[in-house]
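Here are my notes, in the order I'd go through them with you. Have the viewer open as you read.

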Amino acid sequence: SQSHLLQGMGTSMQSLCDEDEMPIQSYSDIHENVFEVLSVDDDPVNQMVIEGLLAPRGYVVTPCMDGEEALLLLEERGFLPDVVLLDCQMPGKTGFEVCMELRRDYPETLPVIMISANTEEENILYGFQVGSNDYVKKPFNGAEVLARIQTQLRLRDTWKAEVDATRSQELLNKMLPPHIMTKLKSGDCNMIAEEHENVTILFSDIVSFTTIAADYSTKEIIVMLNNMFTAFDLLTVRHGVYKVQTIGDAYMIAAGHDEESREDHHKRVFSFARDMLEVIQKVMLPDGKTSLRIRIGIHSGPAYAGIVGVKCPRYCFFGDTVNTASRMESNGFPMCVHVSEATYELIKDDCDWVSCGQRHIKGKGMMSTYLAKLGEWETAWDS
């Protein structure tokens with residue numbers, strides 16, 4: 001079903017999250033839902049009361065006798081407590097000052113409950129202003145403290161779920177076209193399969209990539225490819241085309257599959273190709289001395305498209321148009337845009353061209369193809 005497809009996609013997307021974007025883990029994340037309360041209070045009696053209240057109910061209570069000790073503990077150990085109980089009045093840094101530092105350094109998923117004998121409205125409001133989530137007055141009411149801790153944990157879990165859902169949504173949006181996401185959300189079909197009357201497909205790959213890969217380490221090649229693909233990814237946003245996939249050093253895009261690009265898919269893809277020739281000159285080989293060189297091939301025609309797979313799903317294109325576009329690239333020339341006659345007829349007024357005449361294209365037979373007068377077309381033409 002569509003809901004199962006979305007659920008499977010969301011699960012697979014989670015593994016793609018950048019580690020730097022993931023929230024800091026809490027104690028319960030590491031210790032299988034055993035919750036830790038960090039009690040920051042300079043009064044040993046209050047610490048004993050908190051321990052006696054929470055420990056019998058399964059909480060781990062970690063006492064700190066002042067704010068500096070608490071901040072140092074959090075900095076050193078690399079994970080957060082599930083809740084902080086923070087006394088307002090302490091020697092050295094006050095609870096308000098500690099709360100401000102917590103909010104500066106740690107996410108909102110760390111609930112902070114201020115504790116004070118001062119119940120004046122101004123004091124309570126100031127606690128909320130510096131970032132506390134709740135307020136408990138002394139002397140403690142055990143039932144109230146437990147209820148407030150449990151409430152903050154539920155709110156935190158709700159917030160985390162919303163963040164996770166947003167992150168998964170953002171990842172899916174990067175992998176699937178907007179019109180496909182709309183279909184998936186609406187659940188109006190059990191399978192995403194489309195037939196497009198006319199799309200434009202572009203393939204590119206690196207000239208002499210096999211030789212380059214043999215000359216440098218795997219790490220250097222990956223860094224180089226990442227630089228190139230990142231530059232191309234930015235161009236997809238600029239020109240409103242869809243990145244279909246990368247295969248090794250090859251890069252594939254398409255347009256014409258959605259309402260936004262249906263009328264001018266050929267122009268979008270050709271403008272993308274033109275910019276590819278510009279940006280690739282800034283992507284260097286690992287030696288830092290020579291820029292990469294690419295071949296670009298484009299073809300326009302009918303195609304089928306649909307979602308393939310559930311784990312790391314992709315919106316893929318199928319059919320003769322895809323194969324022909326790939327042949328335009330493989331039979332193309334370094335730093336040139338090589339197109340089929342079908343594409344040429346759509347964009348012939350957008351650029352100056354030279355005809356390559358009838359060429360034998362593997363799997364296609366004799367075809368008329370064209371070179372845009374861009375890049376190193378003169379070198380290719382002379383050869």
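1. First, the exposure terms: buried means under 20% relative accessible area, exposed means over 50%, and partly exposed is in between (1.4 Å probe, protein chains only). With that in hand, Asp264 is partly exposed because its relative accessibility is 25%.

2. On provenance: this is a predicted model, where local features need pLDDT of at least 70 and side-chain atom pairs count only at pLDDT 80 or more, while totals for chains, interfaces and linings use all residues. Residues are numbered from 1 along each chain as its sequence is written, and side-chain values use heavy atoms, with hydrogens and water left out.

3. Now the salt bridges, meaning a side-chain nitrogen of Lys or Arg within 4 Å of a carboxyl oxygen of Asp or Glu. The count by this rule is 22. Arg77 and Glu36 make one of them, at 2.6 Å from N to O. That pair links distant parts of the chain, with Arg77 in helix 4 (residues 67-77) and Glu36 in strand 1 (residues 36-40), 41 residues apart. Helices (H or I, at least four residues) and strands (E, at least two) are DSSP runs, numbered from the N terminus. Glu36 is buried, at 1% relative accessible area, whereas Arg77 is partly exposed at 22%.

4. Which residues form salt bridges with Arg268? Asp264 does, with the closest N and O atoms 2.8 Å apart, and Glu260 does too, at 3.9 Å. Arg268 itself is buried, with a relative accessible area of 14%, while Glu260 is exposed at 56%. Elsewhere, a network of salt bridges links Glu68, Lys93, Glu101, Arg104 and Asp105.

5. Helix 10 (residues 218-239) and helix 11 (residues 265-279) pack at about 145°, with axes 10 Å apart. Those axes are lines fitted to C-alpha atoms, for helices over the stretch in contact, and angles run from 0 to 180 degrees between N-to-C directions.

6. Last, take a look at Trp377 in helix 14 (residues 377-382). Is Trp377 buried or exposed? It is buried, because its relative accessible area is 16%. Beyond its neighbours within four places in sequence, Trp377 touches Cys336, Val354, Leu371 and Ala372. Its C-alpha is 9.4 Å from that of His338, 39 residues away along the chain.

Notes:
Contact = heavy atoms within 4.5 Å.
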